[in-house]
Amino acid sequence: MLKKLGRLTEIKQDREGQSAPPGQYLTKKFPVLTFGPTPKIDLKDWKFKVSGLVEKEFELDWKQFTGLPKLTLDAEFHCVTQWSKLENTWEGIAYRELVKLIKVKPEAKYAMVHCYGGYSTNVSLEVLDDDDVLFAYRHDGEDLPAEHGGPMRLVVPKRYGWKSAKWVNGIEFMEKDKPGFWEARGYHMEGDPWKEERFWDDL
Ligand SMILES: Nc1nc2c(c(=O)[nH]1)N[C@H]1C(S)=C(S)[C@@H](COP(=O)(O)O)O[C@H]1N2
Ligand SMILES: [Mo]
C-alpha cells in the first residue's frame with residue numbers, strides 16, 4: 001500500500017501549477033466523505049460540551065458558541081483518500097477563542113473531539129493551538145451544508161481531513177493520546193499530510 005502511494009508522489013501539481021502534499025490529487029469540487037448517515041441537528045437543540053481534564057465541565061448552546069469572536073480563514077483541505085481542495089474560505093470560531101473560556105488542567109496534552117452521530121477524532125493540544133484551527137459554521141460564503149458538517153465542524157488544515165470532525169458536539173481533554181473513530185481503524189494518530197502520515201504501518 002505505501003509503495004503504491006509512493007508512485008503517486010510525482011503527481012502533485014495541477015495545470016495552474018499549484019502544489020499539494022505528496023500523493024494528493026487536486027480538485028475544485030468539494031467531495032463529501034462521511035461514514036454513516038448525516039445527522040440532522042436543530043440549532044435550538046445544539047449543544048457543545050467541554051469535558052475531561054478541565055477545572056469545570058460545561059456546555060455552550062449555539063448562541064453562546066457563535067457569540068464568540070469570529071475568524072475568517074482561507075485554508076487547504078486534504079483527504080487521505082487522495083483529494084485535496086486548496087481553496088476554502090471558512091468562517092467560525094478559532095480554537096484559541098474557545099479555549100480562553102476553559103480552565104484546562106496542566107496535565108492535559110490531547111483532546112478527543114466528539115460529534116453528533118458518534119464519530120470522534122483525537123488531536124494533540126499542540127496541533128489545536130494554532131492560528132488556523134477553527135470551529136466553522138460557514139464555507140465559501142454560505143452556511144455550512146449538513147453534508148459538510150453543518151451546523152458546526154472542526155477544521156484542522158494541517159492534518160488530513162478525517163481530523164476535521166463534522167457535526168461537533170464536544171471536546172474532551174485528556175492526559176494520554178487515545179484513538180478516535182478512524183484512528184482505531186488503522187488511520188494515523190497524527191495524520192500530517194506533508195509527511196504522508198496516512199496509516200499506521202505497524203498493524
Ligand atoms: N462526524 C464526522 N466527521 C468527519 C467524517 C465523518 O465520517 N464523520 N469524515 C471525515 C473525513 S475522512 C473527511 S476527509 C472530512 C470530509 O469532509 P467533507 O465531507 O466536508 O468533504 O470529514 C471528516 N469528518
Ligand atoms: Mo477523509
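This is a predicted model: local features need pLDDT of at least 70, side-chain atom pairs count only at pLDDT 80 or more; totals for chains, interfaces and linings use all residues.
How many nonpolar, polar and charged residues are in the shell around ligand 1?

1. By class, the shell around ligand 1 has 13 nonpolar residues, along with 4 polar and 3 charged ones. In total, 20 residues surround the ligand. The closest of these are P31, F35, H148, R153 and K166.

2. A backbone N or O atom of P31 lies 2.6 Å from an oxygen atom of ligand 1. For L33, a backbone N or O atom is 2.8 Å from an oxygen atom of ligand 1.

3. Ligand 1 takes up the space of the largest pocket. The volume of this pocket is about 470 Å³.

4. The lining of the largest pocket comprises 29 residues. Nearest the pocket centre are L33, T34, F35, Y119 and W182. F35 is also among the residues closest to ligand 1, and L33 has the backbone contact at 2.8 Å given above.

5. By class, the lining of the largest pocket divides into 19 nonpolar, 8 polar and 2 charged residues. The corresponding counts for the shell around ligand 1 are 13, 4 and 3.

How values were computed: Residues are numbered from 1 along each chain as its sequence is written. Chains are lettered from A and ligands numbered from 1 in the order in which they are written. Side-chain values use heavy atoms; hydrogens and water are left out. On a 1 Å grid over the protein atoms alone, a cavity is a set of points where a 1.4 Å probe fits but cannot get out, and a pocket is an open set with protein on both sides within 12 Å along at least five of seven lines; lining residues have an atom within 4 Å of a point. Grid points are joined across faces, edges and corners, and a volume is the space filled by probe spheres set on the points. Ala, Val, Leu, Ile, Met, Phe, Trp, Tyr, Cys and Pro count as nonpolar, Asp, Glu, Lys and Arg as charged, and the others, Gly among them, as polar. A residue is near a molecule or strand if one of its heavy atoms lies within 4 Å of it. A polar contact is a pair of N or O atoms within 3.5 Å; within protein, one must be able to donate a hydrogen and the other to accept it, and residues adjacent in sequence count only if both atoms are side-chain atoms. A molecule sits in a cavity or pocket if more than half of its atoms lie within 2 Å of its grid points.
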